[in-house]
Amino acid sequence: MNHVTTQSLFSLIRRDAVLISFLETGTISIGERFLNDPRYNEPALLQIIAPHFEPVFTAAVISCLQMKDTQMMRDLMANPLLLDDCHEEKSYTAILQFLNERESLLLSVRHQLQLAQPIDAVALEATADAVYIDLLNLLPDEFHSFRTEYCKEVMKTARILAKKHHKMAITMLSNILELKCDTPSHLQAERLYNELQTEMPELSRQIPAARTSIWVTIGSIYSKLF
């Protein structure tokens with residue numbers, strides 16, 4: 001990389017007010033975009049910017065998942081991911097670790113169900129509510145395998161949950177049907193969802209209109225029962 005090229009790339013980065021602001025604050029305002037410049041795809045620029053971009057980007061994604069901030073996540077993913085291969089792997093590994101920790105909560109709740117122990121309805125909600133599913137869908141294609149495995153774990157939990165809390169199981173499956181996963185897993189979730197609908201048709205007719213809000217009611221009811 002010659003001196004002229006290096007200087008021009010640094011100049012490009014300095015001119016991008018949105019990118020500089022993101023690197024300094026870790027946030028992007030609604031609708032803000034980095035400069036539309038093809039040099040953002042060049043390995044030479046990624047080599048310069050990736051070490052600075054990666055920790056800020058990783059922390060921002062994890063923050064979106066924690067705070068359920070879909071708007072911020074959309075804006076992040078609408079901008080170029082200024083990561084070379086090494087820093088992309090580092091970032092995605094950290095994000096996956098966070099997702100796995102969240103998944104462990106789902107497994108813990110399922111274990112409690114298997115032992116017929118009281119469960120936390122709010123914690124159960126957080127594992128598969130509509131907003132969390134939206135956030136998972138916004139992650140890059142590299143997280144497709146995680147989404148597929150997560151769909152399978154939600155199905156396993158819903159099967160057990162349906163034995164005593166049919167309504168909650170249907171709602172969980174209703175949300176997971178929106179998850180972008182592989183076709184076999186989606187079809188399996190759809191079959192289970194339809195099976196539970198058949199067992200309780202009067203409830204299933206109410207689900208579509210209340211898909212994104214029913215958790216509020218369920219949480220208040222079941223938190224008392226548990």
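Y132 is buried, its relative accessible area being 0%. The structure is a predicted model. Y150 also falls in the buried class, with a relative accessibility of 0%; the cut-off for that class is under 20%.

The ring centres of Y132 and Y150 lie 6.1 Å apart and the ring planes make 70 degrees, so this pair is edge-to-face, a label given to planes over 60 degrees apart.

## Packing of α5 against α8

Helix α8 covers residues 144–161, and helix α5, which covers residues 85–114, packs with it at an angle of about 15 degrees, the axes being 9 Å apart. The angle makes α5 roughly parallel to α8, because values under 35 degrees are placed in that class. The crossing of α5 past α8 is left-handed.

On the α5 side the contact is made by L96, L99, N100, E103, L106, L107, R110, L113 and Q114. On the α8 side it is made by F146, Y150, E153, V154, K156, T157, I160 and L161. By type, the residues of this contact comprise 10 nonpolar, three polar and four charged. Y150 therefore takes part both in the contact with α5 and in the edge-to-face pair with Y132.

## Aromatic pairs and the Phe cluster

Across the whole structure, a search gives seven aromatic pairs. Among them is F34 with F53: the ring centres are 6.3 Å apart and the planes stand at 85 degrees, so the arrangement is edge-to-face. F34 lies in the loop between α2 (17–25) and α3 (43–67), while F53 lies in helix α3; the pair links distant parts of the chain, 19 residues apart.

F34 and F53 are both buried. They also belong to one aromatic cluster, formed by F22, F34, F53 and F57.

## P51 in α3

Helix α3 also contains P51. At a relative accessibility of 38%, P51 counts as partly exposed, since that class lies between the 20% and 50% limits.

Apart from neighbours within four places in sequence, P51 is in contact with L46 and H87. The C-alpha atoms of P51 and L82 are 9.4 Å apart in space, and these residues are 31 apart in sequence.

Note on methods
Residues are numbered from 1 along each chain as its sequence is written. This is a predicted model: local features need pLDDT of at least 70, side-chain atom pairs count only at pLDDT 80 or more; totals for chains, interfaces and linings use all residues. Side-chain values use heavy atoms; hydrogens and water are left out. Axes are lines fitted to C-alpha atoms, for helices over the stretch in contact, and angles run from 0 to 180 degrees between N-to-C directions. Helices (H or I, at least four residues) and strands (E, at least two) are DSSP runs, numbered from the N terminus. Angles under 35 degrees count as roughly parallel, over 145 as roughly antiparallel, 65 to 115 as roughly perpendicular and the rest as oblique. A crossing is left-handed if the near helix is turned anticlockwise from the far one by less than a right angle, and right-handed if clockwise. Contact means heavy atoms within 4.5 Å. Ala, Val, Leu, Ile, Met, Phe, Trp, Tyr, Cys and Pro count as nonpolar, Asp, Glu, Lys and Arg as charged, and the others, Gly among them, as polar. Rings of Phe, Tyr and Trp (its six-membered ring) pair if their centres lie within 6.5 Å; planes under 30 degrees apart count as stacked, over 60 as edge-to-face and the rest as tilted. Buried means under 20% relative accessible area, exposed over 50%, partly exposed in between (1.4 Å probe, protein chains only).
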